[in-house]
There are 2 protein chains.
Amino acid sequence: MSHLTDIDIAKTTDKKPINEIAKNLGISKEEFIPYGHYKAKIDVNMNKEEFEKNKGKLILVTAISPTPAGEGKTTMSVGLADGLAQIGKKSVLALREPSLGPVFGMKGGAAGGGYAQVVPMEDINLHFTGDFHAISSAHNLISALLDNHIHHGNSLNIDTRKIPWKRVVDMNDRQLRHIVNGLNGSTNGVPREDGYDITVASEIMAIFCLSEDLIDLKERISRIIVAYTHDNLPVTVDDLKGSGAVTALLVDALKPNLVQTLENTPAFIHGGPFANIAHGCNSILATKHALNYGDYAVTEAGFGADLGGEKFIDIKCRTAGLSPDAVVVVATVKALKMHGGVSKQHLNEENVIAVKKGLVNLKHHIQTMKDVFNLNTVVGINHFYTDTDAEVQVILDACQEWGIKASVAKVWEQGGKGATELAQLVVEACENKTDMTFAYDLDTTLMDKINHVVQKVYGGNGATYSNKAMKQLREIEQAGFGHLPVCMAKTQYSLSDTASLIGAPTDFDIKISELRLSAGAGFIVAITGTIMTMPGLPKKPSAESIDVDREGNITGLF
Amino acid sequence: MSHLTDIDIAKTTDKKPINEIAKNLGISKEEFIPYGHYKAKIDVNMNKEEFEKNKGKLILVTAISPTPAGEGKTTMSVGLADGLAQIGKKSVLALREPSLGPVFGMKGGAAGGGYAQVVPMEDINLHFTGDFHAISSAHNLISALLDNHIHHGNSLNIDTRKIPWKRVVDMNDRQLRHIVNGLNGSTNGVPREDGYDITVASEIMAIFCLSEDLIDLKERISRIIVAYTHDNLPVTVDDLKGSGAVTALLVDALKPNLVQTLENTPAFIHGGPFANIAHGCNSILATKHALNYGDYAVTEAGFGADLGGEKFIDIKCRTAGLSPDAVVVVATVKALKMHGGVSKQHLNEENVIAVKKGLVNLKHHIQTMKDVFNLNTVVGINHFYTDTDAEVQVILDACQEWGIKASVAKVWEQGGKGATELAQLVVEACENKTDMTFAYDLDTTLMDKINHVVQKVYGGNGATYSNKAMKQLREIEQAGFGHLPVCMAKTQYSLSDTASLIGAPTDFDIKISELRLSAGAGFIVAITGTIMTMPGLPKKPSAESIDVDREGNITGLF
């Protein structure tokens with residue numbers, strides 16, 4: 001058990017120059033754009049057919065329903081990719097970029113942990129290569145063009161009370177959730193209600209991650225609905241004549257970023273949309289790069305298998321024409337204990353009964369991946385040093401009973417060496433590719449799609465709709481967007497829409513309070529309960545502990 | 001006369017790989033951080049004594065009072081540096097980074113023009129190496145920490161009606177000038193008045209440009225006054241415990257950026273504060289890098305010699321221990337015609353009398369540089385193809401009469417070849433370094449400092465103060481900040497505080513409406529009239545003309 005912090009470990013490990021990593025992947029000098037010595041962007045002049053052979057096997061890492069105890073999905077993804085390398089496979093990661101917001105809020109990076117990290121972790125967790133800043137600028141340019149149009153006469157007849165397009169900032173800043181702007185007289189805009197989301201909640205972020213190339217990106221941006229007229233007609237970015245300029249801000253950002261793990265496994269880290277109001281996966285381009293350059297491409301999806309996992313398949317894979325060769329469902333003893341009813345302060349005490357009780361959640365997610373989506377599924381147990389053998393054995397025994405291969409991975413402590421058995425299971429799972437099925441077909445009604453997700457993926461009875469949601473549903477279908485996939489915005493903590501219902505609840509309805517059309521991203525967001533799109537900082541934010549010395553060494557980051 | 005646009009010229013000219021440019025300067029591999037193939041950051045582990053020998057000669061490029069006709073100060077700076085190279089001198093540029101705001105507003109880049117440009121111009125004008133994004137994040141982190149403190153109990157007793165620290169975005173967005181935030185109930189902050197400035201107006205930007213290193217940066221950040229308590233006591237970033245985290249966001253940004261001109265002259269482009277509420281010069285670090293690596297370091301200051309020029313000397317040089325070896329005052333025939341009373345639509349008609357009449361403005365600025373600051377001064381006439389020989393001769397004759405060396409530079413058409421004579425004059429001017437004097441000493445009162453600037457630099461009688469300004473002046477002196485330099489925020493269009501008073505007005509007072517303490521930057525801003533810190537977009541913003549093709553080529557940018 002190491003007593004070093006993540007940043008200590010990251011700093012004391014030798015990184016390879018990133019041009020070596022790229023060269024080993026077969027990336028040419030012309031395609032390689034360095035951002036310092038340990039980050040790069042890859043600019044492949046894609047011969048699409050060549051590139052889309054997708055030579056590698058695709059492995060999705062997903063998880064049980066998250067708990068405050070943590071599952072370590074990113075850490076496991078990193079460890080698995082390193083584990084595959086340890087057993088002689090050419091593996092490449094595709095992961096999401098972290099947001100700046102949480103860095104200054106709660107402690108905890110988004111670049112893995114222990115000996116299973118991607119590096120340089122300070123860079124990845126701070127500005128990285130500037131993608132999120134570019135996305136913020138692109139988003140806020142649309143806002144500026146919109147309000148400028150209204151200010152200069154509003155010839156599009158926009159109703160300033162019907163503007164779903166908020167502004168964004170990559171910061172946890174609750175003060176900006178609800179604002180009134182355009183105040184102080186006629187030279188300073190037009191007063192109206194507005195608000196800020198965090199950048200990862202921007203529709204530009206979702207679009208960015210679903211785009212195949214710059215033209216696709218521009219077309220999606222042009223379709224974004226930013227406002228409605230007094231006659232209730234949609235106003236798009238195209239109507240504001242902003243598509244070209246907004247896309248120009250994203251030219252560099254759209255090129256996937258290449259970094260490495262502590263064990264020098266290549267990692268494409270690119271894009272990072274929310275997994276509630278958006279689909280929660282890294283960019284399609286990053287995944288395709290990983291597949292092109294690796295024999296095994298390991299990627300992750302946000303939150304549990306019911307949220308990020310489902311959307312990875314029904315939204316991302318459907319859009320990109322991808323399908324996983326294998327799925328790893330990550331579980332931890334601690335999180336299963338919480339699903340079994342143990343409170344946070346008792347998690348370090350052995351409790352075999354609670355682990356057993358929590359297994360229903362794991363079982364449910366395995367069944368979703370295996371039976372609903374027809375994917376080869378294995379379980380990865382992310383080992384923590386307080387886990388007892390008896391507790392771990394409970395999970396292993398259960399998996400055996402269910403006919404599911406499972407392995408204990410000690411990636412935090414040992415890196416890739418701790419995941420060679422899991423890697424072997426994954427390689428075996430990839431040997432017989434299945435025909436993936438979706439949870440729903442696109443050509444059914446929106447209600448049917450939602451029902452399919454609720455019944456097949458959540459285990460609920462169906463969905464109920466608020467009056468508002470019913471009205472929106474009809475409007476969206478009448479406007480011709482009924483063919484789009486649904487993006488469920490639900491609490492990540494429960495399979496139901498009630499965060500406190502842990503384990504595997506049954507006999508519940510999902511209450512749809514609101515539907516939102518993301519016409520650019522190409523999905524309909526179905527909102528259940530209250531979804532937070534702008535977090536706040538805690539009373540003692542981790543920003544207070546961060547410092548820098550004369551040489552630029554950052555401390556207290558994690 | 002070329003018919004190519006700036007971006008056409010920039011694209012058809014061969015750039016050298018930036019590592020070659022760096023290598024030729026003597027920058028080691030360890031000090032070189034590539035950002036793509038044509039941009040880099042330089043990370044000198046500064047041996048301060050070694051570095052501060054400032055081997056090169058420092059040349060300040062300033063100008064007459066700007067007019068809508070344009071003076072082309074950046075274009076002249078680039079042309080002069082290229083001209084120095086043409087006559088065999090090792091010249092290096094130090095320039096400001098452009099803001100994103102104007103790019104989408106009015107046409108016109110900030111990377112020079114014609115054959116006197118810095119490249120890659122699309123990058124420089126868009127995100128460049130992310131410095132402004134880092135500064136925006138750093139600024140807005142302070143805002144988030146401030147409002148978070150108030151939300152969580154406000155133990156510092158901050159009066160939410162006394163918060164001078166606004167938020168920033170690098171965008172022209174008038175809608176955000178005046179806002180109310182913290183709305184919608186007790187979980188969403190505390191309602192208060194707020195507003196946004198454009199990023200270049202952030203005090204962080206000014207601090208960034210005046211900092212010698214990371215520790216200096218952090219100390220300045222810690223001193224920023226963000227709010228006042230109900231007892232009228234200042235609240236600083238240090239009180240919010242944010243100095244370390246804010247500085248952590250600026251570690252990479254603080255390293256100067258290296259690019260090149262179209263003629264491969266090295267250019268450090270770094271920082272870009274407003275020249276009204278701040279001092280309007282690139283970073284001290286960029287200037288010191290240019291001096292360290294070049295025999296001739298060419299740098300510019302914002303607006304005319306009365307604003308950026310004065311502050312370059314009284315604020316930047318004083319802080320950094322620098323002094324120019326020579327000053328170039330840039331003038332154009334068109335701008336002098338406007339100072340002579342010609343309206344914009346008649347500028348293309350020859351008008352020798354108007355040029356003669358406008359000369360008073362040029363003469364005034366020459367006298368300031370020569371007599372007030374005791375600097376070797378030459379005049380650079382930035383030639384435009386509609387200028388007639390007779391018009392140009394008027395300026396040359398006047399300069400001869402005043403005993404000032406002057407040269408016509410055709411840098412837009414010819415690049416460095418068009419400025420070899422000017423370069424020769426500059427080299428000669430540098431041969432006998434003078435003892436620079438300041439417009440005022442720091443140990444006089446704030447009123448005295450302001451009077452010195454008004455009388456010596458503007459040619460006015462003195463200053464009058466609003467009641468508010470008088471009160472603020474007393475408070476600032478009582479709080480112990482009376483020893484700081486003053487930063488005059490005045491219209492750039494006139495030597496007076498009345499924009500319409502062109503030429504060289506006399507017998508006027510400057511009306512100080514407000515004083516602002518920039519305790520981190522280390523100056524007192526004296527505001528005359530209304531200073532705009534958040535521009536708006538025009539009715540037809542240039543964003544509408546910008547587009548991108550499949551390969552990422554940006555068109556319509558300029």
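This is a predicted model: local features need pLDDT of at least 70, side-chain atom pairs count only at pLDDT 80 or more; totals for chains, interfaces and linings use all residues.
**Exercise 1. How the two copies are related**

*Solution.* 
- Step 1: Locate the axis in chain B.

**Exercise 2. A four-stranded sheet in chain B**

Give the strand order of the open sheet in chain B, and explain why β19 and β20 of chain B each have one side without a neighbour.

*Solution.* 
- Step 1: Read the order. The four strands run β19-β21-β22-β20 (chain B), and the pairing is mixed.
- Step 2: Find the edges. β19 (462-465) and β20 (486-489) of chain B each have a single partner strand, so one side of each lacks a neighbour in the sheet.
- Step 3: Look at one pair. β21 (residues 509-518) and β22 (residues 523-528) of chain B are antiparallel, joined over six bridges, and B:R516 stands opposite B:V525 in β22(B).
- Step 4: Helix α12 (residues 305-320) of chain B touches β20 and β22 of chain B, and its direction makes about 170° with that of β20(B).

**Exercise 3. Side chains of β20 in chain A**

Which residues of strand β20 of chain A point one way, and which the other way?

*Solution.* 
- Step 1: Recall the rule. Side chains in a regular strand alternate between the two faces of the sheet.
- Step 2: Apply it to β20 (residues 486-489) of chain A. A:V486 and A:M488 point one way, A:C487 and A:A489 the other way, and all are buried.
- Step 3: Find the partner strand. β20(A) pairs with β22 (residues 523-528) of chain A in the parallel sense over four bridges, and the bridge partner of A:M488 in β22(A) is A:A526.

**Exercise 4. The setting of A:S222**

Is A:S222 buried or exposed, and which residues does A:S222 touch beyond four places away in sequence?

*Solution.* 
- Step 1: A:S222 lies in helix α9 (residues 214-223) of chain A.
- Step 2: Apply the cut-off. Buried means under 20% relative accessible area. A:S222 has 15% relative accessibility, so A:S222 counts as buried.
- Step 3: List the contacts. Leaving out residues up to four places away in sequence, A:S222 touches A:T236, A:V237, A:D238 and A:S243.
- Step 4: Compare sequence with space. A:S222 and A:G244 are 22 residues apart in sequence and 8.5 Å apart in space, C-alpha to C-alpha.

Notes. Residues are numbered from 1 along each chain as its sequence is written. Chains are lettered from A and ligands numbered from 1 in the order in which they are written. Side-chain values use heavy atoms; hydrogens and water are left out. Two strands pair if DSSP finds at least two bridges between them. Helices (H or I, at least four residues) and strands (E, at least two) are DSSP runs, numbered from the N terminus. Contact means heavy atoms within 4.5 Å. Axes are lines fitted to C-alpha atoms, for helices over the stretch in contact, and angles run from 0 to 180 degrees between N-to-C directions. Buried means under 20% relative accessible area, exposed over 50%, partly exposed in between (1.4 Å probe, protein chains only).
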